[in-house]
Amino acid sequence: MSESPPTTPVCYRHPGRETYVRCSRCDRPICPDCMRDAAVGHQCPECVNEGRRSVRPARTAFGGGTAGRHGYVTKALIAVNVLFLLLSIASARGGDAAVGGSGFGGLMGGSTPLTEWGAVLGRAYLSDYTLGGIAEGQWYRLVTAMFLHYGVLHLLLNMWALWVLGRSLEANLGRVRFAALYLIAGLGGNVAAYLFSSPRAATVGASTAVFGLFAALIIIERRLGRDISRIIPILVINLVFTLAVPGISIPGHLGGLVVGALMALVLAYAPRGRRTLVQVTGGALILLILLALVLFRTAALLT
């Protein structure tokens, strides 16, 4: 009985291609188009994809993804702030809105229809003679105010600080945790402005969130065992500036600083085994406290 001639192996994905190379993981024959370099030999596409699914993604020291090193959230926040300023200028049809109009070097001035609509405002009559403010149910102001600015100089100062602080914090925390820090700190500063400012005083600016980032950077860098001696003087200068320049919202800046510090402590010192649960719970608790304070202030203004 004659033996059948040996058959030449063909690629399992391309049956018309002969090959003597086999996947080092599943041992199936693969052609050059299907070869994927591996630590030892070559692997087929399916084995490569399976290997990727089994590898845990890299995490930062605080549980975030390493994609934060690209600074996408920081760049997005800056873009949103710039967009809001352009819309603010457009709502006023240009003019003084682009340069500030009044106040310290144009820093505090240039009110526009958009800033009037979105500023932190307790309870007061607006330019159209309607009664508005957070106490009147316009709670959106607690969020929109952190993206609005009085003029270009006001915006540039805050965006420079956000660029410097944000990239470092986002790289250490990851995108989601950094975004939560920014928004909660900004909200905390706006709640403080609502609590402790005159009901008729309008407040806008990303500085509530920026002061929270200052506090967070100190806490995060300290947690990582890094030197913070260069950060403290910058924060002190900004605090002096806040206290010395008329028209700046002192409650807003200090509120953002305190709430940003609290959120940073939650993110930095959550136990490793239950890190995400503790971080989410801590952030939710801070939000609930802020909500209670808003309700308290609203009740006081309406009585």
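1. The second largest pocket has a volume of about 330 Å³, in a model that is predicted, with local features requiring pLDDT of at least 70, side-chain atom pairs counted only at pLDDT 80 or more, and totals for chains, interfaces and linings using all residues. A pocket here is an open set of points on a 1 Å grid over the protein atoms alone, where a 1.4 Å probe fits, with protein on both sides within 12 Å along at least five of seven lines, and lining residues have an atom within 4 Å of a point. Grid points are joined across faces, edges and corners, and a volume is the space filled by probe spheres set on the points. Residues are numbered from 1 along each chain as its sequence is written, and side-chain values use heavy atoms, without hydrogens and water.

2. Of the 14 residues that line this second pocket, V164, L217, R230, I231 and I234 lie nearest its centre. The elements giving two or more residues to the lining are α5, α7 and α8, and the largest share, five residues, comes from α5; helices are DSSP runs of H or I with at least four residues, strands are runs of E with at least two, and both are numbered from the N terminus. By class, the lining has nine nonpolar, two polar and three charged residues, where Ala, Val, Leu, Ile, Met, Phe, Trp, Tyr, Cys and Pro count as nonpolar, Asp, Glu, Lys and Arg as charged, and the others, Gly among them, as polar.

3. The largest pocket holds about 460 Å³ of space and is lined by 26 residues, with L157, N158, S207, F241 and H253 nearest its centre. At least two lining residues come from each of α5 (152–173), α7 (207–223) and α8 (231–244), and the lining divides into 14 nonpolar, twelve polar and no charged residues.

4. Helix α9 (residues 250–269) has 20 residues and spans 28 Å from its first C-alpha to its last, close to the 28 Å expected at 1.5 Å a residue, the expected span being 1.5 Å times one less than the number of residues. S249 caps the N-terminal end of α9, with a side-chain oxygen 3.1 Å from the backbone nitrogen of G252.

5. Q138 lies in the loop between β4 (131–132) and α4 (141–144), and its side chain reaches the backbone nitrogen of G133 at 2.8 Å.

6. The unreviewed UniProt entry lists several residue ranges as "transmembrane region", among them 72–92 and 231–248. In the model, residues 72–92 are 95% helix and 0% strand, with the end C-alpha atoms 31 Å apart, whereas residues 231–248 are 78% helix and 0% strand, with the end C-alpha atoms 22 Å apart.

Definitions and conventions
Polar contact = N/O pair within 3.5 Å; in protein donor to acceptor, adjacent residues only side chain to side chain. UniProt positions renumbered as here; feature names shortened; annotations may be inferred.
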